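Please look over the model below. The report then takes up a sheet and some helix packing.

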Amino acid sequence: MAKFIKNAGLPSMLKEGSSVQDDPLLKNIEACKEMAKVTKSSYGPYGLNKMVINHLGKLFVTHDAAVILRELEVQHPAANLLVMASKAMEEEVGDGSNYTIMLAAELLSQAESLKKTGLKPAEIIRGYTVASKKALETLKTCIVGKVTDHRDEEQVVAAITSSIASKQYGNEGFLTPLIAKACINAAHKNPKNFSVDNVRILKIRGGSLSDSFMVRGFCILRGTEGTIKEAKDAKVAVYNCAIDAAATETKGNVLLENAEELLNFSKSEEERLEKAIKAVADAGVKVIVSNSNYSDMALHFVERFGMMAIKVASKFEMKRLCLAVGAKQIVKLEPPTAEDMGHCDEVRVRELGSSRVLSFCQNSDDSKLSTIIVRGATEQALDDIERAIDDGINTYKILGRDPSLLAGAGANDIELYNALQTYADETPGIDQYSIRCFANAFEIGPRTLAEVAGHNANEVTPALIAAHTEGDKEAGIDIESGAVQTTPVRDAYLTRFWSIQLATEAVMNVLRVDQIIMAKPAGGPKPRAGGARDDDE
């Protein structure tokens, strides 16, 4: 009791090892700015790669901000708020994480200058709230086009090119049509029902990116169980059981008195198995798929009746296979009905590099499932291409929710900048300072785009602002020459909408913090310094 009387205050009420930090706003802002510097240089088509080695020792070479922040395991509580905004962006849209982090950090940097001039956090928050609403309203006026037909390859390619180019600049001309075909093939009549799980990516080392191709259907890295490697116009039966003779659930003893009884016993078992497999073959089945093992005897009869034997152990892959061929899983070895059987135009095993790939190909354009087979020299290169393809697929998905497009290459940022500056001039009172700073934050996009591409941002950004002031709403930065011109680059409306929304929410949360209270860390043995071990270990 004397301890609490002597040391009054919150720290004295907590366990030893706890900490309390008062008025941490400026330190929190500094932490967020430092974290944003990590991913800032990775923004845009000329973004630089980061080499990240996570706690398990796995190497990542990428400029995808979502992957970088996920593997860094950021511990600072304020910086973690921005990481959570990035994760929310990845889950909601699938792209735009880097822009969200950059915009949030720049908004905090502007708030820092306001705080130092004497504005209180509540006043900054009020101004930012008004400005964010105005920004989202203005964003609707920046729409320059729409994807009118989600099955038109030309329109889809134009809409998703910028998403691919930001990750694989120089390869977008090859990758974008490939992704567009895969998405269109797997798309529903209602674009809002498109599922990203219906476009699969299969990575195979060897060859080059130009050797990649798209398959209408399902592919898996494995061969067949038997010798038959190809079947065309095939009916497919999918079994959720072992292809073997039925076994009883109880144990029993059989008394055999002579060799003839032994031969008849095994012969009757063979006959039952042969009869069961023959009934499957008589139903017209050419391909048998099972998630369990084939006995040697069963495989013999499957081969005798000219059927292809395939094993797919993963239940998730089985579901995708059923979706691709239109089959239903059968729980025991019996002849399939017409409703249970699926159909595939071509099933075959092909060799790519040193890998065997089993493909279920459909000739129709609406095969419900697409697989993009990606080739590359290294695992890191394949992983980076996979992330770029994922971004393209996610962009197609959000175009189904809202097909609106914005001018890219920094054009929509400057439109918002000009609109908010005008709005700040018209707003009376102290809120105008926060609104003006909110507007200034939108310069970070085109400024970073120019800097990373090696151009002078202090020349490019004013020229871009001047072009928009003169009325060219589609003026953007040509990253090759650094010139300001009408840009053909298009960004999805929802990507920018959610970036502004989530970045603003994260900034509000940081600005509302006036005290950090950290409880004593959970107990446990401390790790040895340097990972040293005892001599007897």
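Predicted model: local features only at pLDDT ≥ 70, side-chain atom pairs only at ≥ 80, totals over all residues.

Three strands form an open sheet in the order β4-β14-β17, and the pairing is antiparallel. β4 and β17 are the edge strands; each has a single partner strand, so one side of each lacks a neighbour in the sheet. Direction ignored, neighbouring strands of this sheet are turned by 45° against each other on average. In general, the strands of a sheet pair through backbone hydrogen bonds, either parallel or antiparallel.

Strand β4 covers residues 143-146 and pairs with β14 over three bridges, in the antiparallel sense. Lys 146 has Ser 404 of β14 as its bridge partner. On the other pairing, β14 meets strand β17 (residues 490-492), again antiparallel and over three bridges. Leu 405 stands opposite Ala 492 of β17. Ala 407 has Arg 490 of β17 as its bridge partner.

## The covered strand

Which residues of β14 lie on each of its faces? Strand β14 runs over residues 404-407. Ser 404 and Leu 406 are on one side, Leu 405 and Ala 407 on the other. All four are buried, so both faces of β14 are covered.

The crossing is right-handed. From α7, the contact uses Val 156, Ala 159, Ile 160, Ser 163 and Ile 164. From α12, it uses Ala 388, Asp 391, Gly 392, Thr 395, Tyr 396 and Leu 399. By class, the contact of α7 with α12 has seven nonpolar residues, three polar and one charged.

## Ile 164

Is Ile 164 buried or exposed? Ile 164 lies in helix α7. Its relative accessible area is 0%. Buried means under 20%, so Ile 164 counts as buried.

What does Ile 164 touch, leaving aside its neighbours within four places in sequence? The contacts are Tyr 169, Glu 172, Leu 175, Thr 176, Ile 179, Ala 388 and Gly 392. Of these, Ala 388 and Gly 392 belong to the α12 side of the helix contact. Ile 179 is 15 residues from Ile 164 along the chain, and their C-alpha atoms are separated by 9.5 Å.

## Helices α15 and α16

Helix α15 spans residues 444-452, and helix α16 spans residues 457-469. Their axes come within 9 Å and cross at roughly 140°. The two helices are therefore oblique to each other. Oblique still applies at this angle because roughly antiparallel needs an angle over 145 degrees. The crossing of α15 and α16 is right-handed.

Which residues make the contact between α15 and α16? On α15 they are Pro 446, Arg 447, Ala 450 and Glu 451. On α16 they are Ala 457, Asn 458, Val 460, Thr 461 and Leu 464. The contact of α15 with α16 divides into five nonpolar, two polar and two charged residues.

Terms used: Residues numbered from 1 in each chain as written. Heavy atoms only, no water. Buried < 20%, exposed > 50% of the residue type's maximum accessible area, 1.4 Å probe, protein only. Pairing = 2+ DSSP bridges. Left-handed = near helix turned anticlockwise from the far one by under 90°. Contact = heavy atoms within 4.5 Å. Nonpolar A, V, L, I, M, F, W, Y, C, P; charged D, E, K, R; others polar. Axes fitted to C-alpha atoms, helices over the stretch in contact; angles between N-to-C directions. Parallel < 35°, antiparallel > 145°, perpendicular 65-115°, else oblique.
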